[in-house]
Every structure is written in structure tokens, then in C-alpha cells.
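Please view the sequence and the structure below before reading on.

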Amino acid sequence: MTLLSLQGVESGYGPMQVLWGIDLEVNRGETVILLGANSAGKTTLLRTIIGLLPCTKGSIALEGEPIASLPPDQRIRRGIAFMSELGVFPSLTIEENIRLGGYFLSSSEVRRRSARLYDLFPALAERKREPASSLSGGQRKMLGIAKVLVSEPKLLLMDEPSSGLAPVFVKQVVEVLRKAITGGMTLLIAEQNVAFLALADRGYLIDGGRVRLTGTRAELEASDAVHEAYFGL
Ligand code: ATP
């Protein structure tokens, strides 16, 4: 069943148009990847879906309901979460960051969900009273993921989870996301790192603010366009 549907979406920054008629769908339970080089428009697309940028033309629907004219907080209330490249508050403890992700939940519910998350992220459990600033880059990214997962979003939008991470940490993030996906999450990830293609059911190759190609993971892996852009062939 279609969870998110975009038709002919246009967006940009004031007079500078970046997206030119994006059609995209994410089905419930699916992991969909947005591939594309620097400046292709991936971040702009995620920011338009969550409502941080206006959708100047076209439509965005969540569970069949139009959301393009709603402010971001109402889109969040309807179950969309956005994890930006930054993700965590360094001066707050790990526990406080996670609690912030579930600010609208009762404390008993946050405790229940945190316990599950600490199972998924044992490195965070060991240090929950330490400030996020004490974590390594990879662990901070894990905390960013835990902070957004605590809200149990219907749809999680992730912007470049690999940014700033050494390859060994990228691997860890991919593995944690694989576990979270097994738990039934729906994910739309913008990434330049092809390691994340392994998680995806389907994907879109974005180029110059347009969908250049869409297909299943296998189709993307076999595509010349993806190979040219990502595998340097
Ligand atoms: P990256 O991996 O570099 O973030 P991306 O695919 O996410 O790439 P976007 O960040 O969406 O690309 O950028 C798309 C275009 O929008 C680029 O030409 C970029 O220069 C422009 N852009 C991004 N942010 C702004 C902004 N705040 N104001 C004006 N133009 C912007």
C-alpha cells in the first residue's frame, strides 16, 4: 500500500528552482533510496516532503491525504520524521537526546521504547548519562538514529546518514538500519554512498532536480547510469 506519493513536485529556494516535476512513491514497509551526486536535489526533496521548503507545484500525499500545504509540525504529527545530517544535541546526554526525540510521549512510554532502542544500540546503553559530545562520529550517528526511532515514525526521511563517517562506521550504520528495517520501518534515504543501496527495495536516481532513473535495487545495481555515477566505471 502506498504510504507517500509525490506527483509533479517542484520546489527550490526563493527564485532558484531546484526540483522539476518529481514523481515518487514509497510503499508501507519499504526502504527507498534517493541516489544522486552533489547538488542533485536530494536534500531539497526531503526538506520539501517534511515541509521545510514549499512545494510550489504538484502534490504530496501521505496515506492518500494531501499534506503539501501543511506546516512541518503537522506533517510530523501525522507520522513523518526527518533526520538531518546533524541529528543530535552535543551538550545533552544520550538519555536526554533520546527523550527529546519522544517529547510528545509519556515518560513511561519513552522508558519502554528506550529499553528496546538500547538493545539495538548497546554502545549507547553503556553511556547513557554521558554527553553526546563524548561519542565518536559513528556513535553520534547511532544516537541520531535512536533519537528519531523513539518516535516510531510511519515514515523516516534520512539525509545522508553516511556523511562525515569513516567507512567502518558507515558499515555499522548500515547494519543498525538493517535491524530497524526488520522491525517494520518505512524509510526514504538520501545517500551518495552506494553501501546503502544494499538496504533498499527500490530507488530513484536524481539528477539536476529530476528523476533520471527508477527501479528495484537489482535494476539500479545493473544500471549503467548508476555505475557511471557511483562505481566510477
Ligand atoms: P548534497 O549531497 O551536496 O547535499 P543534494 O543532492 O542533497 O546534494 P541539494 O542540497 O538539494 O543537493 O542542493 C540542490 C541545489 O540547491 C544545489 O544547486 C544547491 O546549491 C542549492 N541549494 C541548496 N541549499 C540551498 C540554499 N539554502 N539556498 C539556495 N540554494 C541552495
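The model is predicted, with local features requiring pLDDT of at least 70 and side-chain atom pairs pLDDT 80 or more, while totals for chains, interfaces and linings use all residues. Residues are numbered from 1 along each chain as its sequence is written, and side-chain values use heavy atoms, with hydrogens and water left out.

**Helix packing**

- Helices here are DSSP runs of H or I with at least four residues, strands are runs of E with at least two, and both are numbered from the N terminus.
- Helix H3 (residues 94-101) packs against helix H4 (residues 107-120) at about 120°, and their axes are 10 Å apart; axes are lines fitted to C-alpha atoms over the stretch in contact, and angles run from 0 to 180 degrees between N-to-C directions.
- H3 and H4 are therefore oblique to each other.
- The crossing of H3 and H4 is right-handed, that is, the near helix is turned clockwise from the far one by less than a right angle.
- Helix H6 (residues 137-149) and helix H7 (residues 167-182) pack at about 20°, with axes 9 Å apart.
- H6 and H7 are therefore roughly parallel to each other, and their crossing is right-handed.

**Shell around the ligand**

- The ligand is surrounded by 13 residues, each with a heavy atom within 4 Å of it.
- The closest are Asn38, Gly41, Thr43, Thr44 and Glu160.
- Strand S2 (16-27) and helix H1 (42-50) each supply at least two residues of this shell, and H1 gives the most, with three.
- By class, the shell has five nonpolar, six polar and two charged residues, with Gly counted as polar and Asp, Glu, Lys and Arg as charged.

**Polar contacts and burial**

- A polar contact is a pair of N or O atoms within 3.5 Å.
- A polar side-chain atom of Glu160 is 2.6 Å from an oxygen atom of the ligand.
- Ser39 has a polar backbone atom 2.8 Å from a ligand oxygen, and a backbone N or O atom of Gly41 also lies 2.8 Å from a ligand oxygen.
- Taken alone, the ligand exposes 630 Å², of which the protein buries 63%; these areas come from the Shrake-Rupley method with a 1.4 Å probe.

How values were computed. A polar contact is a pair of N or O atoms within 3.5 Å; within protein, one must be able to donate a hydrogen and the other to accept it, and residues adjacent in sequence count only if both atoms are side-chain atoms. Angles under 35 degrees count as roughly parallel, over 145 as roughly antiparallel, 65 to 115 as roughly perpendicular and the rest as oblique.
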